[in-house]
Amino acid sequence: MGDMANNSVAYSGVKNAVKEANHGDFGVTLAELRSLMELRAADALHKIQECYGDVYGICAKLKTSPNEGLSGNPADIERREAVFGKNFIPPKKPKTFLQLVWEALQDVTLIILEIAAVVSLGLSFYQPPGGNESLCGSVNVGEEEDESEAGWIEGAAILLSVVCVVLVTAFNDWSKEKQFRGLQSRIEQEQKFTVIRGGQVIQIPVADIIVGDIAQVKYGDLLPADGVLIQGNDLKIDESSLTGESDHVKKSLDRDPMMLSGTHVMEGSGRMVVTAVGVNSQTGIIFTLLGAGGDEEEKEKEKKDKKNGALENRNKAKAQDGAAMEMQPLKSEDGGDGDEKDKKRSNLPKKEKSVLQGKLTKLAVQIGKAGLLMSAITVIILVLYFVIDTFWVQKRPWLAECTPIYIQYFVKFFIIGVTVLVVAVPEGLPLAVTISLAYSVKKMMRDNNLVRHLDACETMGNATAICSDKTGTLTMNRMTVVQAYINEKHYKKIPEPEAIPEKIMAYLVTGISVNCAYTSKILPPEKEGGLPRHVGNKTECALLGLLLDLKRDYQDVRNEIPEEDLYKVYTFNSVRKSMSTVLKNSDGSFRIFSKGASEIVLKKCFKILSANGEPKVFRPRDRDDIVKTVIEPMASEGLRTICLAFRDFPAGEPEPEWDNENDIVTGLTCIAVVGIEDPVRPEVPDAIRKCQRAGITVRMVTGDNINTARAIALKCGILNPGEDFLCLEGKDFNRRIRNEKGEIEQERIDKIWPKLRVLARSSPTDKHTLVKGIIDSTVFDQRQVVAVTGDGTNDGPALKKADVGFAMGIAGTDVAKEASDIILTDDNFTSIVKAVMWGRNVYDSISKFLQFQLTVNVVAVIVAFTGACITQDSPLKAVQMLWVNLIMDTLASLALATEPPTEALLLRKPYGRNKPLISRTMMKNILGHAFYQLVVVFTLLFAGERIFDIDSGRNAPLHAPPSEHYTIVFNTFVMMQLFNEINARKIHGERNVFEGIFNNAIFCTIVLGTFVVQIIIVQFGGKPFSCSELSVEQWLWSIFLGMGTLLWGQLISTIPTSRLKFLKEAGHGTQKEEIPEEELAEDVEEIDHAERELRRGQILWFRGLNRIQTQIRVVNAFRSSLYEGLEKPETRSSIHNFMTHPEFRIEDSEPHIPLIDDTDAEDDAPTKRNSTPPPSPNKNNNAVDSGIHLTTDKNKSATSSSPGSPLHSLETSL
């Protein structure tokens, strides 16, 4: 680490030299601070003592007060920014518009079209040396215009349309990138940190933190800058993101005071003086090394990355910082889970997460193959027909001077073939997905869902289970004390201050005031008549509120005993479930105050304060009485019970061994037991009913005791009276799922989870075990898709393991947000229901688009193919096809993908992972409409000239002017598509296709816009579009035939789908049964199949693939540019940017050709996870999964998976 930082000092030496000359009048330079921050533990302490004396010496040199902080005067802030830099790491440069244009040009089909157009252009300008034209047989050239004038038009028109397509694609990508960078910067501005300025504790945006600031750190923070600790209580930091070490590092003034940016506070609280920000902080130095703006290092990095497959791949798959190591914070036994999660993500980077993407890729391949086949046959038939007719039937010799004319014919045939291919491949599919997701993500912001990973949005639509926290999600998280047991009386409401003896009151006031984190306070309401604002821990705020109700002020006590004077603090964590604070009295005695979950603290109480305020003996029998008569009744009403206690250590005895916590926090005297209520949010019961109706099981996982949990579950409707469902405590749950050796067994979990509704007194590990158990379960034929909510640091592993992790935006810690997929900005359960609605809507939008797209494809391909074979010329010209393709693909995807969701989406069960994209109803619609359209087109093609009494357009010579006949065919075809777009709005066989059509402005605009452009093309398009003007009557007929599709749609929907047994569904995910067991282990096999496939469909492949890549790029650009760092400026241009930067996501990965059929390779993966793992001695069963996946990746991940390796620590940094 040191070396790296030194290099970077060398390489930014020039800049520093300039800065140092001007280090203002501070007693320390930027370089000195930087070299200090590179040291760790003992070295750092030594250096501080040697150069500065102590931390206060650093504060003095930085001209800041350890207690008051900076003055906050703007001139001072500016000067500090000039000397020490800003807390901002410049992001990676976005792609320029030209780069995006260049990427769009890589599309194989477009290249083929460009070549064809150029050849066609070249030939049209080439004049054959005056040979006898008639010798060249029936290939008579149109006489109406001079050939050299007209011949170039088709080539030019194709080139023009290619330019249009490229610009549209590039502009799409560019605007998305821009939009998401905007969103990202918004999120960054919202990211705040607590500092002390001018003696006031204020929250400022992370980017405004400057060197010399005094920052307050607490449990759950992600440090935004480097600093040196001034004062700390039981502070433990997870530095894995910088060092790769998963053990928590204890920070204290005498052991290791160095606080590094990008690390997570896992326990305790404290204050630090900021010594390095932005590019000079440890995180910044790493970015500079990696070249946040440069590309050379990036390419290198990428190459390494490729070798280190597993973990990094996972990081790519979820463009998210700090993920890989984030699990370890939670007690190292969870370390395994980190890896296991990584394996899961790495082997199946796309698949595991997005069901939809897998189904789509598969479908696109199937369609593409068919299209390629059709286009090849078309070209062959055209060429053969021409050759046989000219040289055999008409017995003509091949004359040298006729060659250019023949070649022109061949080019024309080739262009027709390419057009068939263009129309056949649904390149609008990936675009539809992207647009639909992007649109949903934008709209979900309004519904208080901040989506960090795009695919989470669609996965949510398939969710079958939600494991929700209780506090703050189902309840309002406005805790108030409503009952109390004080001086041996059980008060059902808060007693009058007079009713409590003075002695007890003194204990109560001091105990609550000092033994609640000093960051918890109650502030006056923001609005007149509002409720007071609770800041910090809500349970502590309830206790402080109790003091205010008793007409006492906690602030006076805190002013008397400032935080620095607290002798020792045992902060609250999920293992202790209690918090204790030691005070040293003036006479040398000690007093410890403790508070925590009542059943835990009461067990440690040997005395209790009696009615007159004197301690009296408290026997186990008395304890059972209190539990029965006080605690259980409180809990059954849904109250959380907290016990307050204290203990005195007399002055004469030797000082206790403070690190031995169990000996200290025992032999307590109970002061009181209070019942705290957290009312259920009024809108939750309704939201839960909606979930249950939509086929989603809601489970409550809480740290509260089982009675409280059950009472709340009944109020919410998670449990209904008379139902046979399980409510378990964590201990009981663990007993039931483990075998004699204490290992978790999947079969045991499978017996429990289908009925489990409430898990109480659960540890973070229990939550993770439950989520993992449900996901890995094979009880039902559908794999469960689980969403989890969490707010605490300890929820990290469960949030990561879940298919979709929701973090709380208000109450959530940075660690939880970092591990999540979606952030609920209002912490409200109803927002989750909205997310489900949006997710289902994405799925339906894609299906609507598919239904529309495939109808067009089927018709266009058959028309072009048949027309070409029978009349030697496609009735729809290349340019017309490109226009049809543009409206059908790009515009329709925009129109149909932006349908707003309706409540009706919540009336059906989730689709599940194996449900095909194209249901039988949709297949019926596609084939039915295709039939109607084909009948109309062929009637017009072969009998149109008689019906309309015009000249036939069939068998026209090479450069003949456009005919009215073919224009009518083209026009009618487009009109049918326009009206069919309205039919496509419904996919479940509904009758009323117009329902809610005006709610979607985009749809109406696009349909009208397309109509107007069509009029312009037909009336004024002329030669380039091969159109001639039509009369009003002909127009009316075209529109009438188009409207016929609406009537025909009604006819189709009357046919019951159940009768049509022959209809097949398409676009499945791969089923488990389809994969033979042996293949699971042999990934190599997989690739060979895929390569064979590939050779068959190469051209198509690349063209479809390129489109899909472009889309995936956009999606990734979304993710990398923005989702990356939702949380923090540092994370923004995070190292993972290199991993997630789209350019190399697909192309340069090893010779990883089989992207297309990869879907299969990846599809097997879920089954790997489903096969029951062998039991492992590891008591959390977490490494089991990782073991399974390792098999496939041993060679690749050997380098990366050793968490200690320096490379790994870099990868996972941040």
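**Overview and details**

Modeller: Of the chain's 1214 residues, 61% count as buried. Buried means under 20% relative accessible area, exposed over 50%, and partly exposed in between (1.4 Å probe, protein chains only). This is a predicted model: local features need pLDDT of at least 70, side-chain atom pairs count only at pLDDT 80 or more, and totals for chains, interfaces and linings use all residues. Residues are numbered from 1 along each chain as its sequence is written, and side-chain values use heavy atoms, with hydrogens and water left out.

Colleague: How many helices and strands does the chain have?

Modeller: The chain has 46 helices and 26 strands. Both are DSSP runs numbered from the N terminus: helices are H or I with at least four residues, strands are E with at least two.

Colleague: And what is the accessible surface of the chain?

Modeller: About 45700 Å², with 60% of that belonging to carbon and sulfur atoms. Areas come from the Shrake-Rupley method with a 1.4 Å probe; for residues, only the protein chains shown count as cover.

Colleague: Salt bridges next. How many in the whole structure?

Modeller: The search finds 35. The criterion is a side-chain nitrogen of Lys or Arg within 4 Å of a carboxyl oxygen of Asp or Glu.

Colleague: What does E103 form a salt bridge with?

Modeller: With K95; the closest N and O atoms are 2.6 Å apart. Both E103 and K95 are buried.

Colleague: Where do D686 and R689 lie?

Modeller: Both are in helix α26 (residues 684-693), three residues apart, which is about one turn of the helix.

Colleague: Why does D686 count as partly exposed?

Modeller: Because its relative accessible area is 37%. R689 is partly exposed too, at 49%.

Colleague: Which residue meets D844 in a salt bridge?

Modeller: R908, at 3.7 Å, N to O. That pair links distant parts of the chain, 64 residues apart: D844 is in helix α33 (residues 829-871), and R908 is in the loop between α34 (878-897) and α35 (920-948). D844 and R908 are both buried. Elsewhere, salt bridges with shared partners join D76, R79 and R80 into one network.

Colleague: Switching to the surface. Which residues make the nonpolar patch?

Modeller: F97, V163, L167, F171 and W174, over about 440 Å². Patch residues have over 30% relative accessible area and no salt bridge; like charges are joined within 9 Å, nonpolar side chains (Val, Leu, Ile, Met, Phe, Trp, Tyr) within 5 Å.

Colleague: Which helix gives the most to it?

Modeller: Helix α9 (residues 147-190), with four residues. V163 lies in α9. It is partly exposed, with a relative accessible area of 43%.

Colleague: Now packing. At what angle do α20 and α21 cross?

Modeller: Roughly 145°, and the axes of α20 (residues 502-514) and α21 (residues 538-549) come within 10 Å. Axes are lines fitted to C-alpha atoms, for helices over the stretch in contact, and angles run from 0 to 180 degrees between N-to-C directions.

Colleague: Which residues meet there?

Modeller: L508, V509, I512 and S513 in α20 meet L543, L544, L546 and L547 in α21. Contact means heavy atoms within 4.5 Å.

Colleague: Last one: S468. Buried or exposed?

Modeller: S468 counts as buried, because its relative accessibility is 0%. It sits in strand β9 (residues 465-468). Beyond its neighbours within four places in sequence, S468 contacts T473, L474, R699, M700, V701, T789 and F829.
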